[in-house]
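Me: I would like to learn how to read a structure like this one. Could we go through it feature by feature?

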Amino acid sequence: MKTLKQKYPPGDFAIWIIIYIELLTFGIFFLGYMFSRRSDVELFNSSQLLLDQRAGFINTLILITSSYFVIKAVKAIKELDIQKAIVSAQRYLLVAIGLGGLFLAIKMMEFVGKYSEGINLSTNTFFMFYFLLTVFHFMHVILGTIILFNLYQKTKIGGYTKDDHRSLQTGASYWHMVDLLWIVLFPLIYIIR
Amino acid sequence: MALITKIWMILSVFTLFAFLVGWLKLTSLTLIAILLITTFIKGQLVIDYFMDLHEVTLKYRIIPTIWLFIIILSIGIIYYFPKEIIL
């Protein structure tokens with residue numbers, strides 16, 4: 001049976017304007033990285049070897065899993081009875097927040113590690129892009145985690161129902177965008193050589 | 001098993017594949033092409049099932065898809081073609 005398509009994306013429409021702008025901004029950086037890489041492939045490849053691919057891999061799994069729990073929270077609110085929905089959504093959001101925090105901790109360890117090795121923004125073009133992209137993304141994860149915490153607080157007091165969960169979808173959409181950006185960023189910076 | 005759980009598993013398997021390509025330094029042109037295709041699929045799965053755009057009219061759903069397609073395609077073109085061929 002053909003389902004009727006929704007007219008607008010989930011959540012507030014304003015968040016989608018922000019999401020489209022963010023995608024465009026990161027997209028320009030991604031292409032800038034690739035064009036710069038082409039000018040000095042050896043430098044980019046040798047610098048990339050200094051990154052910890054395991055940390056990048058674990059962080060990708062963390063963000064994917066966090067996004068998975070956020071969508072589970074949204075589905076719980078949309079599909080379950082109110083009391084069960086609140087308990088489940090709260091639990092899922094708490095896991096998602098914890099994973100967001102874990103991502104930040106691992107990334108922070110990577111940054112500190114690089115700085116202690118004397119590597120920073122001005123080391124070379126590769127690291128300029130590495131820090132620009134990952135720090136910019138890092139700030140989005142911080143904001144996303146704060147948003148998730150607010151969603152959790154509102155869920156806890158029963159602020160969302162089957163019929164009224166627009167702000168939950170708004171925050172969730174932002175978090176999935178953060179995930180989407182990292183899905184492209186991980187192979188681009190850590191893997192492709 | 002719920003659909004989103006299956007999606008999460010696919011995303012995790014593709015992520016493991018990407019990691020292994022990098023970790024084992026498997027940088028053949030074919031594997032990088034597969035890596036880019038799997039990255040596109042991952043992104044599209046997030047757009048459709050996590051962002052929940054698969055139930056939305058095409059004009060809004062297509063924007064992140066076009067973004068993803070252009071980015072992945074451009075990365076591929078810049079990666080595969082030497083400096084002399086494209087600007």
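Me: In which helix of chain A does V95(A) lie?

Reply: This is a predicted model. V95(A) sits in helix α4 of chain A, which covers residues 82–116.

Me: Which class does A172(A) fall into, buried or exposed?

Reply: A172(A), in helix α6 of chain A, has 28 C-beta neighbours inside 10 Å and therefore counts as buried. Leaving aside residues up to four places away in sequence, A172(A) touches V70(A), I71(A) and V74(A). By contrast, 33 Å separates the C-alpha atoms of A172(A) and R193(A), which are 21 residues apart along the chain.

Me: How can I check the length of helix α5 of chain A?

Reply: Helix α5 of chain A holds 32 residues, 125–156, so at 1.5 Å a residue it should span 46 Å. The end C-alpha atoms are 46 Å apart, which agrees. Just after α5(A), G158(A) takes a positive phi of about 75°.

Me: What describes the packing of two helices?

Reply: Two numbers are used: the angle between the axes and the distance between them. For α5(A) and α6(A), the angle is about 155° and the axes are 10 Å apart. An angle over 145 degrees counts as roughly antiparallel, and therefore α5(A) and α6(A) are described that way. The crossing of α5(A) past α6(A) is left-handed. Residues making the contact include H137(A), G144(A) and L148(A) of α5(A), and G171(A), W175(A) and L185(A) of α6(A). By class, this contact of α5(A) with α6(A) has 14 nonpolar, four polar and no charged residues.

Me: At what angle do helix α2 of chain A and α5(A) pack?

Reply: Helix α2 of chain A, residues 41–48, packs against α5(A) at about 55°, with the axes 8 Å apart. That makes α2(A) oblique to α5(A). The contact is made by L43(A), F44(A), S47(A) and Q48(A) of α2(A) with T125(A), F126(A) and F127(A) of α5(A). Four of these residues are nonpolar, three are polar and none is charged.

Me: How many residues of chain A are in contact with chain B?

Reply: In chain A, 39 residues are in contact with 35 residues of chain B. Helices α1, α3 and α6 of chain A each supply at least two residues of the side that touches chain B. The largest share, 11 residues, comes from α6(A). By class, the side of chain A that touches chain B has 24 nonpolar, nine polar and six charged residues.

How values were computed: Residues numbered from 1 in each chain as written. Chains lettered and ligands numbered in written order. Predicted model: local features only at pLDDT ≥ 70, side-chain atom pairs only at ≥ 80, totals over all residues. Helix = DSSP H or I, 4+ residues; strand = E, 2+ residues; numbered from the N terminus. Expected span 1.5 Å × (residues − 1). Contact = placed C-beta atoms within 7 Å. Nonpolar A, V, L, I, M, F, W, Y, C, P; charged D, E, K, R; others polar. Axes fitted to C-alpha atoms, helices over the stretch in contact; angles between N-to-C directions. Parallel < 35°, antiparallel > 145°, perpendicular 65-115°, else oblique. Left-handed = near helix turned anticlockwise from the far one by under 90°. Buried ≥ 20, exposed ≤ 12 C-beta atoms within 10 Å, placed from the backbone.
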